Amino acid sequence: MSGSRENGKPILERGQVLLAAVGPWSAAALTLAVGMLVHTALERDATKRYQQHIRSKVVRAVATVRGGTEVAINKRVFLTLALKYHVSVNPGISSEEFESFASLLMREVKGIRSLTLIPNNKITDVYPRKGNESAIGLNLMTVPSQRDAALRAIATGNQQLCGPVDLKQGGRAFINRAPVNVATSTNSQFAPGDYWGMVSVLIDYDELVGEIQEYVPGDLEIAIQTQGENPTFLVGSGAIKQAHPLATEVAVANDVWRLYVAPRDGWPVISPGASSRQVHALVFSGLAALLVFLLVRTTARYLRAGSELRLASSNAQRISGVLEKTARMAQVGGWEFDIVTQQITWSDEVCRIHDRPSGFRPDLEEAIKYYAPSARSTITGAIEFAIERGEAWDIVLPLVTANGREIWVRSNGEPGYENGKCVRLWGTFQDVTHVHVAQQQMRLTQQAIDSAEDAIFFLDPLGQILFANAAGRRHLGQPDDVTQLNMCDFDTELSPGSWQEKIKLLQRDAKCEYESQLRSVSDTLIDCDVRLWFVESEAGQQIVASFRDTSRAKREAELRDVLFELSSDAHLLFDKTGIIECNQAAVEMLRMKDKEQVLASHPAEFSPEFQPDGRLSLEKCKEMDELAYENGTHRFDWMYRRPDGEEFLCEVSLYSVQLESGRALLVVWHDVSERKKVIDKLAASNLELQQFAYVASHDLQAPLRGIANFAHFLKEDYPTQLDVKGADYIDRIVKGCKRMQHLISDLLSYSRVDGRARPFEPVDLNHVVDQVIEILEPSIVDSNGLVTRDDLPTIAGDASQMLQLMQNLIGNGLKYHRDGVPKVHVSVEQRGLCSVIRVRDNGIGIEAEAQDRVFEIFKRLHTQDEYPGTGVGLAICRRIVEQHAGEISLESVPGDGSTFSFTLPRRGQPQSVEIEKPPIAVEINVATEKV
Ligand code: ADP
């Protein structure tokens, strides 16, 4: 107590002194004045602090909104680049490939209306196709509104962001176009490469602006204005300039926008609550005026303390607000898991990321369930490791929010200890979907580049390698670190000086192409077509160099040339302009001076006027060419004529080929003059043989008849001198001669069925069969047989051969029977363009294994005593049928009869057939018995 009295004493004393000095009213007035003065000073301070706070808040908001705007627009713009690079290494991208790649890109970034492929400035593909069909086929150069932007993109080689424009489909959108250049395999050095076309991405205006607005705190307003010739406000209006906004530049694609940020209610002139505080000050000052100096001073102190307290509390609130806003902008939240109570606490941002209301508190099981099924074991394992081993984690995992959004989060956590025991886990939680998607897209693009067959390098302007794909690393011999290498050391054609020239060419033409050799670290040289072009990256301009290995193609071309040149067959390639290429064999076959002479000739010069079949060469040649074009290939014999007039026969193969310049025909001539000579020789010797047989038959006939006659006279004139044995010998001689006569006669008939082409005539088979019945009447009467026929057709053939054919078959039908009445029936069946004629009998039939043999010459199944004959009849039948381009066959059941069937072309079908016939061994002419 004494202490407090002592503490209060000096104050009291000083107050008394002051009160004594100024008097109670003066003290009161003074107290009032001082009170108000103090209040004013405090208010000014508070206002200043508040203004500073608001300004720094706006400054931070400017940075956040700028960053957010750049992320929002550039991640969409990035899709254009991803599509551009994908197309530049896959210029022949199919509709399906484009659709799958575009759908992948669109799935990852929201707010994209469509992706478009525009090869040669003409729209060929839009994804999604639905609703955009009308755009297909549109040529940008014919649409004035698109033409300028497209030309700008082509001229600069850079992407062009345009818009926003009103869409026919409704809504508004930005169009980002990027020109695409692709590597070509042209051989010309430094020739400008091909401009492939463009790709474009339609960015939804509302979605984009909506996303930007998410970064703007509620009490601030923003405006975004494009720059350039016609600055327009994309967000907000020019009115914001009246509000003294803070401004900054936003870098988007090829453009720079201007961002204005200002407090929604204007910049503050007083701090909040100032008027109420003024009333308080007056009241307190008035009260104080009624009190003593000490009370006034105490009141003043109290007032100051109260003001400080309020300020501190408002500061604390502001700091907490700032923290919360910062967390929201960075999309980072905090969480804590109390192991003892098993309670989880989520910050507002963590709740927002999970699409849950602020203050939501899940249990551990529910919190884990938000992770995608594939990620749950990972997060559970991380939690267990943290509790048991004290290990922190920092991992990116997929998560499905309460609203079903599929996102990627970065989860970070570590254990917290009390008295050496882990009692809680806590950490941060961040939505990293955009970053993750961008990384995935980057990986995808890298994979596409990595899997390309061409070696692809990214270089800085000095040739330093920044990146090499798998083929590039392989070509360089798999060095440890490609980024330590400079392309000038490997591209053998490039010295540092010439590299500068290439860069100049690149700057002038946007690309540069040449042939070169790539040297690997092991000094192997690979022939390559090289192509250089620029790409823009965040790190600045880079050069892409693609090396296409041409060594294999060159080797193959060389081999083709060797085969072409060394072939002994003449090869000529010609199109509508004439002969465009030929090999050495063609020069030699035509006996020309050199290749140039052949190339200067017209193919028609190498044929005589007529071909051996009598057709005009020109006319037939046209027909052959057309057949080759139609069927891809055509083969035939052709008579050629050398410039010196000598003719030679070739087997010709025509192949239709597609060259870059158009359709052409490859003609391969295989000289068959030698083969033809052999065939002609054979035919001549065959003819000789036939003539010999004819002559021999005449010469043989006379002595044979003589022997038979004299033997007969011997028996007639000397019946008494001959005993029984002698008479039997004579009988045998006569019988042998007769048999010999039959054999010679049949052989002659066989030889007469020659293979020479002969004009066929209409032959009525009814008439033929009737004639045969007449000829065979004696045997029919003898055997008491019966020959019948259907109504038979008229065929195209040789009438006398038809008679021989029918007579042999019907005769056999009557001959080869055992008991009962022999019956033969001739029928017909029409099959396509042929008639199938059947000769059926009810005779003895033929065993299955002998059925093929009976058509061979001299093949018989019976002795003369059983059934007389020579074994030539069926061989003649087969030869006649083949002569008529038909086939003969046999069906038979022993004991049940036989049916011989043969096909013949019907009347009006091909009138002559040419058959190569092998030379026969013996042909002898004797008077016929059989025919
Ligand atoms: P050939 O009648 O002069 O002996 P073919 O060449 O006409 O000579 O006949 C060959 C053989 O085929 C005959 O010897 C006979 O055995 C058999 N053959 C031919 N036609 C018939 C038939 N209709 N029925 C049974 N066997 C037959």
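In the predicted model, a polar side-chain atom of Asp841 lies 2.8 Å from a nitrogen atom of the ligand, a polar contact being a pair of N or O atoms within 3.5 Å, where within protein one atom must be able to donate a hydrogen and the other to accept it, and residues adjacent in sequence count only if both atoms are side-chain atoms. Taken alone, the ligand exposes 530 Å², of which the protein buries 100%; accessible areas come from the Shrake-Rupley method with a 1.4 Å probe, and for residues only the protein chains shown count as cover.

The model is predicted, with local features requiring pLDDT of at least 70 and side-chain atom pairs pLDDT 80 or more, whereas totals for chains, interfaces and linings use all residues. Residues are numbered from 1 along each chain as its sequence is written, and side-chain values use heavy atoms, with hydrogens and water left out.

The shell around the ligand divides into 8 nonpolar, 9 polar and 5 charged residues. In this division, Ala, Val, Leu, Ile, Met, Phe, Trp, Tyr, Cys and Pro count as nonpolar, Asp, Glu, Lys and Arg as charged, and the others, Gly among them, as polar. At least two shell residues each are supplied by α22 (799–815), α23 (873–883) and β31 (898–905), and α22 gives the most, with 3 residues. Helices (H or I, at least four residues) and strands (E, at least two) are DSSP runs, numbered from the N terminus.

His884 is found in the loop between α23 and β30 (888–892). This histidine counts as buried because its relative accessibility is 0%, where buried means under 20% relative accessible area, exposed over 50%, and partly exposed in between (1.4 Å probe, protein chains only). A polar side-chain atom of His884 lies 2.9 Å from the backbone oxygen of Ile880. Leu399, in strand β12 (residues 393–400), is likewise buried, at 1% relative accessibility.

Two loop residues other than glycine have positive phi values. Phi of His244 is near 45 degrees; this residue, in the loop between β7 (233–235) and β8 (246–252), counts as exposed at 60% relative accessibility. Asp355 has a phi of about 60 degrees and is partly exposed, with a relative accessible area of 22%. The peptide bond from Tyr127 to Pro128 is cis, with omega near 0 degrees.
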